[in-house]
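Hi,

Here is the structure I said I would pass on.

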Amino acid sequence: MSQHEETQEPPAPTEAAATDILCPACKAKLPIENGRLPMRCPECQFLLCPRKPHAVNHNFVFTWKKACSLQGRATRREFWGFVSIMGGIGLLLMLVLDVLAYGQLMTFVNDYIIPLPAVPGPIVAVLGCMIIAAMLIWLVVTPLPLFNLTVRRLHDIGRSMFLPVMALILGIPGVLMSASLIFFILTYGTQENSSLSTGTYVLCFGPLVLAVVFSLIILMYSLMDSQRGTNKYGPSVKYPLE
């Protein structure tokens with residue numbers, strides 16, 4: 001190295017250098033491309049510009065993309081965004097079907113709010129078939145992504161998939177046996193009902209009660225904040241560097 005190069009003074013800081021943007025995690029200089037910061041820091045991969053991580057539509061679409069995956073973690077916003085939208089769709093379909101069938105909602109509106117004109121029979125039949133088809137599709141497509149999302153939400157707080165699996169295992173036979181017992185009681189009346197033993201009630205309603213208990217525990221866990229940093233299920237989406 002020449003003497004001239006050894007004694008050369010460093011260049012004075014320019015106006016651009018004085019306004020450099022640094023990573024909040026590792027304090028490295030961030031490159032600016034087309035007037036925008038990168039999504040992650042090139043040095044430490046700190047999340048700088050998430051693509052709407054808190055938007056309901058983003059979480060809803062992201063859940064469907066991972067509908068068949070049990071890997072990773074899901075935040076509260078992702079869980080409740082999906083549950084709110086799918087629950088609202090199911091509720092809306094049931095309300096529309098109730099109105100078309102002239103059910104309790106239609107009766108309440110006519111009796112206490114304002115009389116509504118009767119819907120022609122052919123229109124009721126066509127719309128009713130469409131709503132029933134939509135409800136069947138909703139019932140078919142909702143359980144799998146909801147189950148996987150629930151597992152990932154429990155992963156986010158460091159819990160295993162034991163609770164949703166047990167709720168599923170106990171809930172399905174519990175609903176079937178409870179419905180069968182209720183149908184038996186309604187069909188044969190109180191005389192046959194009195195002949196049923198306590199063990200029969202426990203056998204039929206017990207699994208359903210346990211499934212409800214497990215579901216309430218899952219609901220309580222779903223309200224908890226994300227576990228910070230990385231656990232055995234992966235890094236936190238909400239607190240990636242803690």
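Below is what I found in it, element by element.

Ground rules first: this is a predicted model, so local features need pLDDT of at least 70 and side-chain atom pairs count only at pLDDT 80 or more, while totals for chains, interfaces and linings use all residues. Residues are numbered from 1 along each chain as its sequence is written, and side-chain values use heavy atoms, with hydrogens and water left out.

Buried is under 20% relative accessible area, exposed is over 50%, and partly exposed is in between (1.4 Å probe, protein chains only). The core has nine residues: Leu 154, Ile 157, Leu 163, Ala 167, Leu 170, Ala 211, Phe 214, Ile 218 and Tyr 221. At least two residues each come from α8 (162-194) and α9 (198-222), and α9 gives the most, with four. Helices (H or I, at least four residues) and strands (E, at least two) are DSSP runs, numbered from the N terminus.

Leu 170 has contacts (heavy atoms within 4.5 Å) to Pro 207, Leu 208, Leu 210, Ala 211 and Phe 214, leaving aside residues up to four places away in sequence. Another core, of six residues, lies apart from the largest one; Phe 60, Phe 79, Phe 82 and Leu 149 are among its members.

Next, helix α7 (residues 143-156). Its end C-alpha atoms are 20 Å apart, which agrees with the 20 Å that its 14 residues should span at 1.5 Å a residue (the expected span is 1.5 Å times one less than the number of residues). Ten of the 14 residues of α7 are buried, so the helix is mostly covered; the buried ones include Leu 149, Arg 152, Arg 153 and Leu 154. After α7 comes Gly 158, with a positive phi near 85 degrees.

Gly 158 is also touched by Asn 231, as are Arg 73, His 155 and Asp 156, again not counting residues up to four places away in sequence. Asn 231 sits in strand β1 (residues 230-231) and is buried, at 14% relative accessible area. A polar atom of its side chain lies 2.9 Å from the backbone nitrogen of Tyr 233.

Lys 27 is in the loop between α2 (15-18) and α3 (56-65) and counts as exposed, at 55% relative accessibility.

Cheers

Notes
Core = buried A, V, L, I, M, F, W, Y, C linked by side-chain atoms within 4.5 Å. Polar contact = N/O pair within 3.5 Å; in protein donor to acceptor, adjacent residues only side chain to side chain.
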